[in-house]
Amino acid sequence: MSAITLPAFDRRLVPLSGTLLLFFAMVAFGALAYDGFLAPQVFLNLAIDNAFLLIAAIGMTFVILTGGIDLSVGSVLALTTMAAAALIEHAQMSPLLVIPLLLAGGAVFGALQGFLIHRYRLQPFIVTLAGMFVARGLCYLIDTESIPVRDPLFVSLAEMRIPLGQSSLSSGAAIAIVTVAAALWLAHATRFGRTVYAIGGNARSAALMGLPVGGTLVGVYALSGFCAALAGITMTVYMLSGYSLHAVGLELDAIAAVVIGGTLLTGGVGYVTGTVVGVLILGIIQTLVIFDGTLSSWWTRIVVGILLFLFCVAQRLIEGRAQKMKNERRPPA
Amino acid sequence: MSAGARRVLTLPLFWPCVTLALLIVLNATVNPGFLALEWRDGHLYGNLIDILNRAAPLALVATGMTLVIAARGLDISVGAVVAIAAATAALCVSATSSLGAAIVAALAVALACGLWNGLLVVAVGMQPIIATLILMVAGRGIAQLITGGQIITIYYPPYDYLGNGFLLGLPFAAVLALAVIVALHALLTVTPLGLFIRAIGINPLAARIAGVRARPITLALYGFCGLAAGIAGLIISSNVKSADANNAGTLLELDAILAVTLGGTALTGGRFSLAGTAIGALIIQTLTSTIYSLGVPPEVNLVFKAALIFVVMLLQSAEFRASIRQFAMRPADLTEVSKAAGPSA
């Protein structure tokens, strides 16, 4: 009976199931502890208030799936809000021109980082760290003060509410949901997505199989830059301003969401769905802190840190078990 | 090029020193009073002294970071540890009015933070960047928990000495940083510890097989890195007479990594230079002063630092050097090279 060594449940789904369980446990706790916690609008607000984090975290998921990391997303996001505000309010450019321009700009910024990482074998961590400095510095060069956005298109987008029964969604949340759908398609139904998983599994094998490793790596960082810029546009709509200090430390939240979502930091294993749940968990922690009313906001950071710790330890255990199973299955020499 | 000149060019500290000298010359030409030193109120006074004083916390943090990076690690939580140590010291000073108690408590907490990072790396086996990311995320929350979300102002004159005092006419912080670096250098050269760290950095597995006790050493290095960040936290909080959980040591981890890189330490581990790191910290602080004195908006500093990182990073990349060599050589040279390489390959 050789089949009994194979678990009936796909092992790759273990981290994701853990994340989902955690999410439902937190919701159940909230529902028991606080009145009105289960109102649909509470959950829709999770999507509304975390739309930009979700979009940025999706780009980050692809980067981490290749075994890399992108620390520049928060700064690129801030730079996008700044550039959008400056171009529209100061340079009087049409938002219909500015938005595609900035999205392309984010993609090019990411692609340049990807090029340096791939071509010169630099560490993703250092390259994107420098990219973070560049983007944040450019923000300050545009203006150190906040620039309010009064453009009619942005204002109407900000005021737009998509009714869902008695509750509603914002335009930013709608953009985030569309991004998630596109990312699911990209990760699971395209050649690009398969190559991303293959690179994360083993970059050298992927190259030996003839997969376009270089192009895909550049593409992954371009995608992350694009997502950061899209998140920036979403934040400009949400805040109706451009500011150099928007989204400070957002890259950490995005990484935390990806890790809590069950994506292995070594690459190759993980799901876009997991990241969505990861972002929802970060949002639920904040909602719980707000509902409690007596807890201070810094507890959010501490709880996120604790969750990161638990998930990283769990990841190590899973990796260790997988390694052991591999060794046991190996035929005796 | 003579053999002597070539030897000077390949000295590990040559380029960091040249960069620092160029920056100082640039400052001296723009601002003729830059190099002036005065003896005032029983201590030296001038721009250079100011740079020394301000570079001290960064030099300390970067020294700890150098050793961690040399052993193939990384610690991105140092900024958060600075905030935690500053908060602990501020709380302790206001509670006990004792300088000694504050220093001991802050350093103990900082050491514990460093050892926690080390345990995650050594015992749990996490990637260093992720292990320290946890404390980086949670650390500022912990610091705010200690200060109760307030900026604690420190009204205790003896505490001022750490960040603003003078010893032998020089800023106490700079003397302290120098003492730590010299003592560490002595420790690493007199004992085989320096060799062990290099061995771990070059090949951890080989080092372990050769009998180097890699795990306790790595743990100790993270502990030291936390301790160094703790000392920096004391100096920074003393300098501004307050502990700000949100803003103490922000982006310090990035500056420290930059100082380490500028000093010629390989980010891939193995090769390190404590003197280089100290010069790297001075370069960063001089650059900051230069930007202020040139009248450029200080925010541009970030872009300059990024440009520096890119240049140093590319110069360290073997692939980049190879493509530059290819670009610099004429095609005729290349064919000769390939002919020469042909038979052996």
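**A hairpin and an interface**

Strands here are DSSP runs of E with at least two residues, helices are runs of H or I with at least four, and both are numbered from the N terminus; two strands pair if DSSP finds at least two bridges between them. Before going on: this is a predicted model, where local features need pLDDT of at least 70, side-chain atom pairs count only at pLDDT 80 or more, and totals for chains, interfaces and linings use all residues. Residues are numbered from 1 along each chain as its sequence is written, chains are lettered from A and ligands numbered from 1 in the order written, and side-chain values use heavy atoms, leaving out hydrogens and water.

Back to the hairpin. Pro163(A) sits opposite Ser168(A) in S3(A). There are 2 residues between the strands, and Gly165(A) has a positive phi near 65°.

Now, the interface. Here 37 residues of chain A are in contact with 41 of chain B, contact meaning heavy atoms within 4.5 Å. Tyr120(A), Phe133(A) and Trp298(A) supply 20% of the area that chain A buries against chain B, more than any other three residues. Buried area is the accessible area (1.4 Å probe) that two parts lose on being put together, summed over both.

How many salt bridges cross between chain A and chain B? The rule finds 0, taking a side-chain nitrogen of Lys or Arg within 4 Å of a carboxyl oxygen of Asp or Glu. As for helices, H6(A) gives the largest share of chain A's side touching chain B, 14 residues.
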